[in-house]
Amino acid sequence: MARERATALLVDFDGVLRHWDPAVAAGVEREYGLSEGVLGEIAMQWGRLQPVLTGRVSHAEWVSSVADALAGSVGSPEQARAAVEEWQRYRGEVDADVLAFIREVRTAGVRVGLGTNATDLLDADLAALGLTDDFDVVVNSSVIGVHKPAKEYFQAAYEALETPPSRVLFVDDEDWAVRGARAAGLSAHRWSGPTDLRYLRAALAY
């Protein structure tokens, strides 16, 4: 039997709606004499990242821990803090095609949620990028205390959207997140770029 088309959309933030130019971090690393990729490597170490994504530490505390870990590489704690602060000033760029799609489907009556593993800086980022009014709900892992791909995360998301899981279409660029959503009963699509929008339009009931 064919699956019913989705009536709500849950969209990942980083990798789908927001993109990061790797040249920014690379430029900071060159300026401060750091090895290529070290900022991301340190920041994304799971033992450091997981607490900030579940709200146990703040974004500011996470950033401070990254600077502490870099201090030996740049010669002083002050230089490390300066490097990390410069890196963090860049807050990414919005994908215009994805944003236009979100606005299109919301105008047509589809409920849209932002489903992201994020820190407590998310609201400020959405404001800075002009996205504050583009979602019916925002499901931030650091607010609910659990992150994708946990079943509890997706349960919180479809409850926030006030939509049965089978009628929610989730879009993410990470296969592990897509698998987690499907295990929780949602429809899910792995994002590969704007060419996917035709499929997503067909998958939504509007």
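**View 1. Five strands form an open sheet in the order S5-S4-S1-S6-S7, with parallel pairing.** Two strands pair if DSSP finds at least two bridges between them. Strands (E, at least two residues) and helices (H or I, at least four) are DSSP runs numbered from the N terminus. At the edges lie strand S5 (137–140) and strand S7 (187–190), each of which pairs on one side only. From one strand to the next the twist averages 20°. The model is predicted: local features need pLDDT of at least 70, side-chain atom pairs count only at pLDDT 80 or more, and totals for chains, interfaces and linings use all residues. Residues are numbered from 1 along each chain as its sequence is written, and side-chain values use heavy atoms, with hydrogens and water left out.

**View 2. Strand S6 (residues 168–172) pairs with S7 in the parallel sense over four bridges.** Asp 172 has Arg 190 in S7 as its bridge partner. Helix H10 (residues 175–183) lies across S6 and S7, and runs at about 170° to S7. Angles run from 0 to 180 degrees between N-to-C directions, and axes are lines fitted to C-alpha atoms, for helices over the stretch in contact.

**View 3. Helix H3 (residues 46–53) packs with helix H4 (residues 59–74) at an angle of about 165°, the axes being 9 Å apart.** The two helices, H3 and H4, are therefore roughly antiparallel to each other (angles over 145 degrees count as such). Arg 48, Leu 49 and Val 52 of H3 meet His 59, Trp 62, Ser 65, Val 66 and Ala 69 of H4, where contact means heavy atoms within 4.5 Å.

Terms used: Angles under 35 degrees count as roughly parallel, over 145 as roughly antiparallel, 65 to 115 as roughly perpendicular and the rest as oblique.
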